[in-house]
Amino acid sequence: MFSKIVTSALLAGFCTGLIAALLQFVLIQPVLLHAELYEVGTLVHFGNGATDATPDLPGFDMMRDGLTLLFSALIYVGYGLVLVAAMGMAAEYGATITARTGLIWGVAGFVALHFAPAVSLPPEVPGGAYVDITARQIWWWGTVIATAVALALIAFGRAPVMIASAIALLLAPHVIGAPHPEAFTGPVPPELAALFATRALGVGLAAWALLGTLAGYFWARETAES
């Protein structure tokens, strides 16, 4: 099983990382670079004159974009290892893993790592107000773990107490509340911040759906061959 997990995760993660990097180049990177112009004062929101509201596609930078491509592939290979390991555990208890069911696994991964934390702590552009990074990381990890456990209870639990526990775990991080600054400050227009958050979540959903689908496909193929 170990070789099946590694092979499926490497193939699915690497392919997904390449696609995710391409989506980031086209959709996210222009917004980030545009926000940095406000952060350094090159552009001013509500200044004397109107500023261009359309983030332009930047030229290809070998160092910056090459590293983005590399780290995107590595990150999604890591995600793939975690996802395929979870699929393998489920398969041991009788779950069927295919490309179609893998899509559901991928969406669940997106919900746990992106959507649930973003409900209270959305992706932020450079230059926005922020609080202590340690507090944010602790809350983020707690939310991810609680959401992942809750989704597992919903998917595989049968007793009503498991469903009730899952609902409590889903709500708990947001009832506790994410760390937020005392006041909203920063030079970046809120419209640009909203565009960044929307695109970041959209790219995350597309990448995780693809990762789950490919992981399920490669898992099923490796199972058939063995």
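Biologist: At what angle do α2 and α3 pack, and how far apart are their axes?

Modeller: First, a word on the source: this is a predicted model, in which local features need pLDDT of at least 70, side-chain atom pairs count only at pLDDT 80 or more, and totals for chains, interfaces and linings use all residues. Residues are numbered from 1 along each chain as its sequence is written, and side-chain values use heavy atoms, with hydrogens and water left out. Axes are lines fitted to C-alpha atoms, for helices over the stretch in contact, and angles run from 0 to 180 degrees between N-to-C directions. Here α2 and α3 pack at about 125°, and their axes are 11 Å apart. The two helices are therefore oblique to each other. In this scheme, angles under 35 degrees count as roughly parallel, over 145 as roughly antiparallel, 65 to 115 as roughly perpendicular, and the rest as oblique.

Biologist: What is the handedness of the crossing of α2 and α3, and which residues make the contact?

Modeller: A crossing is left-handed if the near helix is turned anticlockwise from the far one by less than a right angle, and right-handed if clockwise. The crossing of α2 and α3 is right-handed. Its contact is made by Tyr79, Leu83, Ala86, Met87 and Ala90 of α2 together with Gly102, Trp105 and Leu113 of α3. Contact here means heavy atoms within 4.5 Å. By class, this contact has seven nonpolar residues, one polar and no charged. Ala, Val, Leu, Ile, Met, Phe, Trp, Tyr, Cys and Pro count as nonpolar, Asp, Glu, Lys and Arg as charged, and the others, Gly among them, as polar.

Biologist: How many helices and strands does the protein have?

Modeller: Helices (H or I, at least four residues) and strands (E, at least two) are DSSP runs, numbered from the N terminus. The protein has six helices and zero strands, and from the N terminus on its elements run α-α-α-α-α-α.

Biologist: At roughly what angle do the axes of α2 and α6 cross?

Modeller: These axes cross at roughly 50° and come within 10 Å; α2 and α6 are therefore oblique to each other. The crossing in which α2 passes α6 is right-handed. Residues of α2 in the contact include Tyr76, Gly80, Leu83 and Met87, and those of α6 include Trp208, Gly212, Gly216 and Trp219. The classes here are 11 nonpolar, four polar and no charged.

Biologist: Is Arg136 buried or exposed?

Modeller: Buried means under 20% relative accessible area, exposed over 50%, and partly exposed in between (1.4 Å probe, protein chains only). Arg136, in helix α4 (residues 133-156), is buried because its relative accessible area is 14%. Residues up to four places away in sequence aside, Arg136 touches Leu121, Glu124, Val131 and Pro179. Thr68 lies in helix α2 (residues 62-92) and, at 17% relative accessibility, is also counted as buried. Beyond its neighbours within four places in sequence, Thr68 is in contact with Gln24 and Phe25.

Biologist: What share of the residues of the protein counts as buried?

Modeller: Of its 226 residues, 35% count as buried.
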